[in-house]
Amino acid sequence: MSIMIPKKSISGFISRSGKAIARTAKAAILARTATMTAMAALLCPANETMAQGKLFAIQKDSVALFQGLQVSVDIAGPIARAVSDYGEYEAALKANLHNQYFPVVEIGLGSAKHDDIVTGNYYKTSAPFFRIGCDINLAKQKHTPNFVYAGLRYAFTSYKVDMWRKPSPDPIWGNDATFIVDGETCNQHWAEIVIGLKAKLFGPVHAGWNVRYKRRLSHKDCSAGNTWYIPGYGKYGDTRIGANFNVIIDI
């Protein structure tokens, strides 16, 4: 009796061959992926594989802290002095720190000469004053020549006054209301809130405007009462709004 040996199926052979080829291709893809990952790790350190947005967000500003000095002169005060009974001549020196913080020293000379024809009172003074403080750049992009700023000041002046009233009878009591103050020393401390704008004109030359809210802290008036004008502060009062127009040069 003869034994029948079944012939191998061609389709089964093809199926097994296809699976073997697929496994080989999959292994090749995995090997290539691993090789590319290793090369990327060598070219890009782990601390630089962060998302670009986060990477740039933590980068430090490369601009140096000290950016120079600014010298400014106010031109509004001399004009006021020329057309009125009082005014100031003043200049300022600012340090530029990182284009964001501006420590400042301001010095000036205030003077007044007032002769009131109605009351007969005469007032005269001339004295220096100074302010110290700091401004902060409020612009979103701080490395720009044009920006708005805000700041605080402490100010002080010591001044001598000459005051007198021309001989005249008191309208109520009828007696002589004449008084004389000759070179009496007074002083005043005050604080200021400043809001301003700096705009570039050309090269290192800029123009600046600011508004100042002044608040008296303490004072010493003369024996005759309140002084009519305080150098650097303005006419007498507990609060006062002032303004400056400056020509600024970066150095």
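Biologist: What gives the most to the lining of the largest pocket?

Modeller: β10 gives the most, with 5 residues. A strand is a DSSP run of E, at least two residues; a helix is a run of H or I, at least four; both are numbered from the N terminus. The model is predicted, so local features need pLDDT of at least 70 and side-chain atom pairs 80 or more, while totals for chains, interfaces and linings use all residues. Residues are numbered from 1 along each chain as its sequence is written, and side-chain values use heavy atoms, without hydrogens or water.

Biologist: What volume does the largest pocket have?

Modeller: A pocket is an open set of points on a 1 Å grid over the protein atoms alone, with protein on both sides within 12 Å along at least five of seven lines; lining residues have an atom within 4 Å of a point. Volume is the space filled by probe spheres set on the points, which are joined across faces, edges and corners. Here it is about 260 Å³. The lining has 19 residues, and E88, K214, R240, G242 and A243 are the closest to the centre.

Biologist: Which elements each supply at least two residues of that lining?

Modeller: α3 (76-83), β2 (86-97), β7 (205-220) and β10 (239-250).

Biologist: How does the lining of the largest pocket divide by class?

Modeller: Asp, Glu, Lys and Arg are charged; Ala, Val, Leu, Ile, Met, Phe, Trp, Tyr, Cys and Pro are nonpolar; the others, Gly among them, are polar. The largest pocket has 6 nonpolar, 6 polar and 7 charged lining residues.

Biologist: What volume does the second largest pocket have?

Modeller: About 210 Å³. Of its 19 lining residues, Q70, N96, N99, K198 and D250 are the closest to its centre. β1 (66-74) and β6 (180-202) each supply at least two. β1 gives the most, with 4. By class, this lining has 5 nonpolar, 10 polar and 4 charged residues.

Note on methods: 1 Å grid on protein atoms, 1.4 Å probe; cavity = no way out; pocket = protein on both sides within 12 Å on 5 of 7 lines; lining within 4 Å.
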